[in-house]
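Please examine the model shown below together with its sequence.

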Amino acid sequence: MFLFISFSIFFLINIHPVLAVSNQVIHWGFKKSTNQEPPYAGKELESILQKYGAYYLGDTRKKDIYLTFDNGYENGYTAKILDVLKKHDVPAAFFVTGHYLNDQPELVKRMVKEGHIVGNHSWSHPDLTKVSEEQFIKELNSVSQRVEELTGQKGTVYLRPPRGIFSERTLALSKKYGYQNVFWSLAFVDWKIHHQKGWQYAYDNIMNQIHPGAIILLHTVSKDNAEALDQAIQDLKKEGYRFKSLDDLMMEKEIEHPYLFSL
């Protein structure tokens, strides 16, 4: 009887390893950077992220930074943002939802055409800790398939969980199905479209929180962001910062930890 139970437990763990992983809800957050010192998420979170090949920072020894945007819906500013990125030859990643893909296919095509990455923000923007494994992968694969249909980009490797809500289980599921969670190390309240505060607010938040290796999160619905971006890019370059792609970051991580992203 003991042998049968032991074998059953061993079989269950090996066939369904994600079932044994904690689904305790985690809300991404950290103490904001000051004086160009990188933020720190804490030992426990750092360990969990590393275990599943997720990240929120680049190499903090280099003045490389990574510009990312979340696109849940369109508010009329993404084209202007793309114009600024093109003007300064800056790569970015746009994390899109199913709604955005259906509503703004031409903007999504333009993103890829102009050399940007389209990332995965899930199809319907749910709390991914509350969905089944079947629904979880449907949320992500639906975005990947639609992006490929529209742009030819092969999948959406990079995942940003809606509202920064995740768990060890969602990290494990992401890795299981070939997705990498990308969080951020610089952000501010910019998504409230009826409470915009002017371009200086966005500019100051970017410049005051900047640090080597920063993954910057901005929302394209923000008028403040659209109006501040040009000056922010110019001034960050003057300070010696270099804008890199998430693909560049992934290559660096792979070189540092060759087994970190293996499935």
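The account begins with the overall fold and then turns to local features.

The model is predicted, and local features are reported at pLDDT of at least 70, side-chain atom pairs only at pLDDT 80 or more, while totals for chains, interfaces and linings use all residues. Residues are numbered from 1 along each chain as its sequence is written, and side-chain values use heavy atoms, with hydrogens and water left out.

The protein has 10 helices and nine strands; helices (H or I, at least four residues) and strands (E, at least two) are DSSP runs, numbered from the N terminus. Of its 263 residues, 52% count as buried, where buried means under 20% relative accessible area, exposed over 50%, and partly exposed in between, with a 1.4 Å probe and protein chains only. Among the contacts with a separation of 6 or more, 77% are made by residues 24 or more positions apart, a contact being heavy atoms within 4.5 Å.

Grid points are joined across faces, edges and corners, and a volume is the space filled by probe spheres set on the points.

The largest pocket holds about 570 Å³ of space. Its lining comprises 26 residues, and those nearest its centre are Asp 70, Arg 163, Trp 191, Leu 217 and His 219. Strands S2 and S8 each contribute at least two residues to this lining. By class, the pocket lining has 12 nonpolar, 10 polar and four charged residues; here Ala, Val, Leu, Ile, Met, Phe, Trp, Tyr, Cys and Pro count as nonpolar, Asp, Glu, Lys and Arg as charged, and the others, Gly among them, as polar.

Two cavities of 30 Å³ or more are found in a search of the whole structure. The largest cavity has a volume of about 40 Å³, and its lining includes Leu 67, Ile 206, Ile 216, Leu 229 and Phe 243. Two elements give two or more residues to that lining, strand S8 (215–219) and helix H9 (223–238), and H9 gives the most, with four residues. Which classes of residue line the largest cavity? The lining has nine nonpolar, no polar and no charged residues.

Among the residues lining the second largest cavity are Tyr 66, Leu 67, Thr 68, Ile 117 and Lys 244. Strand S2 (64–71) and strand S3 (92–96) each supply at least two lining residues, with the largest share, three residues, coming from S2. By class, this lining divides into six nonpolar, two polar and one charged.

Aromatic side chains form a further theme. A pair of aromatic rings is described by the distance of the centres and the angle of the planes. The structure holds nine aromatic pairs, in which rings of Phe, Tyr and Trp (its six-membered ring) have centres within 6.5 Å, and planes under 30 degrees apart count as stacked, over 60 as edge-to-face and the rest as tilted. The ring centres of Phe 166 and Phe 183 are 4.7 Å apart and their planes lie at 50°, so this pair is tilted. Because Phe 166 lies in strand S6 (residues 165–166) and Phe 183 in the loop between strand S7 (180–181) and helix H8 (199–209), the pair ties together parts that are 17 residues apart in sequence. Phe 166 and Phe 183 are both buried. Ring pairs also link them into a cluster with Trp 28, Phe 30, Tyr 56 and Trp 184.

Two residues other than glycine have a positive phi. Asn 35, with phi near 55°, lies in the loop between strand S1 (26–27) and helix H2 (43–51) and counts as exposed at 69% relative accessibility. His 125, with phi near 60°, is found in the loop between strand S4 (117–120) and helix H6 (133–151) and is partly exposed at 28%.

Technical notes:
1 Å grid on protein atoms, 1.4 Å probe; cavity = no way out; pocket = protein on both sides within 12 Å on 5 of 7 lines; lining within 4 Å.
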